[in-house]
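Visitor: I have a model open and would like to go through it with you. Can we start with the charged pairs?
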Amino acid sequence: MSKNPNSFGANTRPQFTDMIHLQELETELIPGTEADRRLIFIGDVHGCSEELTKLLGKVKFEHGKDHVIFAGDLIAKGPDSPATVDIAMKIGASCVRGNHEDRIILAHNSLHAKVHPLPGPQEDPHVQEDFLDEESFSHGDYKDRALAKLLSEKQIKWLKSCPVILKVGPIGNYNGGGDVVVAHAGLAPGVTLDRQDPFLVMNMRTIDLQTRVPSEDRKGEPWEKIWNHHQSHLHPPNQRTTVIYGHDSKRGLNIQTYSRGLDSSCLKGGQLTALIIDSRGKQKIVSVDCKKYSG
Amino acid sequence: MLFRLPCQLLLAISWLVVGNPVLRKRDADFESVRTRLTKDHSGKGGDPKQKYFHESTFHPHYDGRFAEKVLPNNERHKYLSEMMQTYLSTMNDVGAETWIMHGSLLGWWWNRKIMPWDSDVDVQMSESSIEYLATYYNMTIHHYRLPGTPGGRDYLLEVNPYYVNGSTTDWLNVIDARWIDTESGLFIDITTLRRDREKEQKGLKGHMMCKDKHEYLAADIFPLRDSEFEGTPTKIPYAYAGLLEKEYGSKALTNKNFENHFFDEKKMEWIPNGWLNRHNGGIAANTKPKIKAK
């Protein structure tokens, strides 16, 4: 905890149904010094399944040797979300929950929720209130519902298994031997992983310098700037955590000392990027060009 | 949960049907819903005719048809908590979509509870759900057996007939429905979150509003999340943290000293200032047995 008596993160961390907050990666998947294993982190795919296949080919992904971890927003907006989830499931990848997975999972649950279950005694039984996915519906989340319907129960179940925060832990001597953590948008510095606010972890872009509260808007300082500053003051250096994230396509590929921003805007005709860490703790960045799917 | 119409109301309706074949819109006045009081304490007399809900003559957070005095703070908190639990549970049972907002959302964020200094609770409801309640559940009484309350308690669900008018110019009827504790006279104001049709006409999509002039983006509210409040399942708006920052400023998410209380991170409770000195001779909070929440 920070010494400031009014620091962010003092509250009881919000908890929700169908949301895993924190998970640790199985140790056997982490590259050791002996085995020739690799971890491959991939940023916001957004349903660009073609580009994902191309990227996996370019990094020469090998089953049983490599393990892929998606930094969230695997789905939504792009050409083929179901096919993208299929690829992720087939290669046995890990993932974290992005703001788009979050929306689609919630929309899926609301489609199956019990709302207005019984028609009243005078109601014409032939009138069906089935307007949930129409644009005219007063919720305005019809797009989320439409995508939720495109995904199979199996795919939704897999997406629900993605935690908000995935703790990888140290990868050999990588980046000074400190922990590596994957989160979709970012983390609030000085707050333990268990007490991070899940909405902000999936949506933050900036941090208010005065209150240190993260926010999704762009008014404050970029969160990763505060994060890097905070980490560089922790001693010894193996106490410093490196965050691998996505979410901010405007800032693009953004590699700093203790943060790795991987959203290189594939959806808008940028690139799809993979960050590879091998068993010697060496880091490599590989990307493929993307078609332009959206403005 | 038992479920019945107040017999006085049934009588009133049957009288209307017999005496006058045309059903007239009328409000649920003191005579038709009264329980133990002999005198009406509602502010109806002084209110404009078009105003449907009347706050009491002695306090704006009480219904003068059911109460004649305010409760002491600690008792009020217990009633508020029970009112919130019974409201959320009833809405969940009947399938009406409602979620907590404003001060209640901030209380939820800190520790899933109503803040001890809050004098009311805030909820919103979707348009289709208020229509549903108005059609099938208006003026229904919901009986709850509550621990420490022999004989249980009746809650009245009353929908404002002016809910059909979504315009903010109808400023006398910004509250669309109430969940009323017929014992204490305390109530929950229910406001409907509506599509902002004015903005839609200007070509702006995804904007929403309430008659109390609060405005939101649909994407900040929906899809709703499932959580708990006062130990009862509740819905939470999608972008809860962003909504709280916008409404109260980010300080509200860090300030642990508020309204003569401090937030104890070990107990995850708001503790009144001076409590330690009064109860403990100033010994650290974590050495004291847990305070009872309710």
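Guide: This is a predicted model. Over all chains, a search of the whole structure finds 36 salt bridges.

Visitor: How many salt bridges are there between chain A and chain B?
Guide: The count between those two chains is 2.

Visitor: What does Arg225(B) meet in a salt bridge?
Guide: Its partner is Asp102(A), with the side chains 2.6 Å apart, N to O. Arg225(B) sits in strand E10 of chain B, residues 225-229, and Asp102(A) in helix H3 of chain A, so the pair joins two chains.

Visitor: And which side chain meets Glu265(B)?
Guide: That is Arg195(A), in a salt bridge with an N to O distance of 3.2 Å.

Visitor: What about polar contacts between chain A and chain B, how many residue pairs?
Guide: The count is 15 residue pairs, with both residues at pLDDT 80 or more.

Visitor: Which elements of chain A give two or more residues to the side that touches chain B?
Guide: They are helix H3 (99-111), helix H4 (142-150), helix H6 (198-203) and strand E8 (214-215) of chain A. The largest share, 5 residues, comes from H3(A). Asp102(A), from the salt bridge with Arg225(B), is in that helix.

Visitor: How do the residues on that side of chain A divide by class?
Guide: There are 21 nonpolar, 16 polar and 12 charged residues on the side of chain A that touches chain B.

Visitor: How many residues are in contact overall, chain A with chain B?
Guide: 49 residues of chain A are in contact with 46 residues of chain B.

Visitor: What area do the two chains bury between them?
Guide: About 3,800 Å², and 53% of that is on carbon and sulfur atoms.

Visitor: Change of topic. How many cavities of 30 Å³ or more does the structure hold?
Guide: It holds 5 of them.

Visitor: Which residues lie nearest the centre of the largest cavity?
Guide: Asp27(B), Ala28(B), Tyr52(B), His54(B) and Arg65(B), out of 13 residues in the lining. By class, that lining has 4 nonpolar, 2 polar and 7 charged residues.

Visitor: On to the backbone. Is the peptide bond from His235(A) to Pro236(A) cis or trans?
Guide: The bond is cis, with omega near -5°. Pro236(A) is in the loop between helix H7 (223-232) and strand E10 (242-245) of chain A.

Visitor: And what kind of peptide bond joins Phe222(B) and Pro223(B)?
Guide: A cis one, with omega about -5°. Pro223(B) lies in the loop between helix H7 (218-221) and E10 of chain B.

Visitor: Is phi of His247(A) positive or negative?
Guide: Positive, at about 75°, although His247(A) is not a glycine.

Visitor: Where is His247(A) found?
Guide: In chain A, in the loop between E10 and strand E11 (254-256).

Conventions: Residues numbered from 1 in each chain as written. Chains lettered and ligands numbered in written order. Predicted model: local features only at pLDDT ≥ 70, side-chain atom pairs only at ≥ 80, totals over all residues. Heavy atoms only, no water. Contact = heavy atoms within 4.5 Å. Buried area = accessible area lost by both parts, 1.4 Å probe. Salt bridge = Lys/Arg side-chain N within 4 Å of Asp/Glu carboxyl O. Polar contact = N/O pair within 3.5 Å; in protein donor to acceptor, adjacent residues only side chain to side chain. Helix = DSSP H or I, 4+ residues; strand = E, 2+ residues; numbered from the N terminus. Nonpolar A, V, L, I, M, F, W, Y, C, P; charged D, E, K, R; others polar. 1 Å grid on protein atoms, 1.4 Å probe; cavity = no way out; pocket = protein on both sides within 12 Å on 5 of 7 lines; lining within 4 Å. Points joined across faces, edges and corners; volume = space filled by probe spheres on them.
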